[in-house]
Amino acid sequence: MSESKPSSPKTSPMTVPRFAASKGKRLTVLTAYDFVFAGLFDRAGVDAILVGDSLGMVIQGKSTTMPVTLDQMIYHGEIVVRAVSQALVIIDMPFMSYQVSPIQAVENAGRILKETGAGAVKLEGGIHQAKTIRALAEADLPVMAHVGMRPQSVRKLGGMSRVQRDEAALLADAKAAEDAGAFAIVLELIPQGIAARITKELSIPTIGIGAGPDCDGQVLVSYDMLGLTQGFQPKFLKRYADLNRVALDATAAYIRDVREGTFPDEAHSHS
Ligand code: KIV
């Protein structure tokens, strides 16, 4: 098994300034949590890879993202960074790693960037996190914001799939995040008209998920996009493959071959 970075860089690596200057350029972002998928998405040419705290649900099988720890984000983040040579790697700050104070946020974002080598962090919040976003930006720790449906605030928002519709509040959140120094912003689960207005009024790129076609870019949870996850079908999700079926069929074929004695055969044996 090779541990080396994937080859074939086509362009120069994506940086925070280039990403921030790519307003209107249809940026592509996917989540990744491990070496194999991160390397694959990088070779496919995605602009940024988000090590999302969605790993709590996708990888750990929990019902929310809230139990994910800072050490777990750093563990997965370091693995992803090692696999990537072109895309910008952004790492989520997990629940309660920044909400206590701007100082807590600076210390923990510093740990994330120092111990993983990633390019930026992401946190959830707009107006209520403006001081923290400012503190991170002033410490030269690039930060992406995330407004609309914020999974870490699921208790307050009343459910993971609740479309957020308060236009004035969403706009105020997005503007506060931009004013405080966020270099980009995720808009999650908001009506497309509101996302279009925010995108028009902000000068930083908006990255949508369940926010319609008018954002500056798009992010999806890769396991959903590839059809690895089951039983989750929000309206916004387009599955580009059915890897769950492929993996199930392959596993069933392996079990059958071993049980029937057709594997290992001569071609897979040493003389
Ligand atoms: O954790 C995550 O994967 C995210 C994306 C859904 C934006 O925050």
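Which residues does Leu187 touch, not counting residues up to four places away in sequence? Leu187 touches Val147, Ala195, Ile198, Thr199, Thr206, Ile207, Gly208, Ile209, Ala211 and Cys215, where contact means heavy atoms within 4.5 Å. The structure is a predicted model, in which local features need pLDDT of at least 70 and side-chain atom pairs count only at pLDDT 80 or more, while totals for chains, interfaces and linings use all residues. Residues are numbered from 1 along each chain as its sequence is written, and side-chain values use heavy atoms, with hydrogens and water left out.

Leu187 also has a place in the largest nonpolar core, which holds 77 residues, and it is listed there with Phe19, Ile49, Leu136, Phe183, Ile185 and Ile198 as touching the most other members. Such a core is a set of buried Ala, Val, Leu, Ile, Met, Phe, Trp, Tyr and Cys residues joined through side-chain atoms within 4.5 Å; here buried stands for under 20% relative accessible area, exposed for over 50%, and partly exposed for what lies in between, with a 1.4 Å probe and protein chains only.

The helices can be followed next, and both helices (H or I, at least four residues) and strands (E, at least two) are DSSP runs numbered from the N terminus. Helix H2, residues 35-44, and helix H4, residues 70-83, have axes that come within 8 Å and cross at roughly 40°; the axes are lines fitted to C-alpha atoms, for helices over the stretch in contact, and the angles run from 0 to 180 degrees between N-to-C directions. H2 and H4 are therefore oblique to each other, since angles under 35 degrees count as roughly parallel, over 145 as roughly antiparallel, 65 to 115 as roughly perpendicular and the rest as oblique. The crossing of this pair, H2 and H4, is right-handed, a term for a near helix turned clockwise from the far one by less than a right angle, with anticlockwise giving left-handed. On the H2 side Phe35, Ala38, Gly39 and Asp42 take part, and they meet Ile79, Val80, Arg82 and Ala83 of H4. The residues of this contact of H2 with H4 comprise five nonpolar, one polar and two charged, where Ala, Val, Leu, Ile, Met, Phe, Trp, Tyr, Cys and Pro count as nonpolar, Asp, Glu, Lys and Arg as charged, and the others, Gly among them, as polar.

Ala38 of helix H2 is buried, with a relative accessible area of 0%. Leaving out residues up to four places away in sequence, Ala38 touches Ala32, Ile49, Val80, Ala83 and Val84.

H4 also packs with helix H5, residues 102-116, at an angle of about 30° and with the axes 8 Å apart. Leu70, Asp71, Ile74, Gly77, Glu78 and Val81 of H4 make this contact with Asn108, Arg111, Ile112, Glu115 and Thr116 of H5, and the residues of the contact of H4 with H5 divide into four nonpolar, three polar and four charged.

Helix H6, residues 130-138, packs with helix H8, residues 167-180, at an angle of about 25°, their axes being 8 Å apart, which makes H6 roughly parallel to H8. Ala130, Ile133, Arg134 and Ala137 of H6 are in contact with Ala176, Ala177, Asp179 and Ala180 of H8, and by class the contact of H6 with H8 has six nonpolar, no polar and two charged residues.

Some backbone details remain. Most residues other than glycine have a negative phi, and most peptide bonds are trans. Leu189, although not a glycine, has a positive phi of about 55°, and this residue is found in the loop between strand E6 (184-188) and helix H9 (192-201). At 10% relative accessibility Leu189 counts as buried, and, leaving aside neighbours within four places in sequence, Leu189 is in contact with Met149, Met160, Ser161, Arg162, Val163, Gln164, Ile209, Gly210 and Phe236. Arg26, likewise not a glycine, has a positive phi of about 55° and lies in the loop between helix H1 (16-20) and strand E1 (27-31), but at 53% relative accessibility Arg26 counts as exposed. Finally, a cis peptide bond with omega about -5° joins Phe263 and Pro264, and Pro264 has its place in the segment after helix H11 (243-260).
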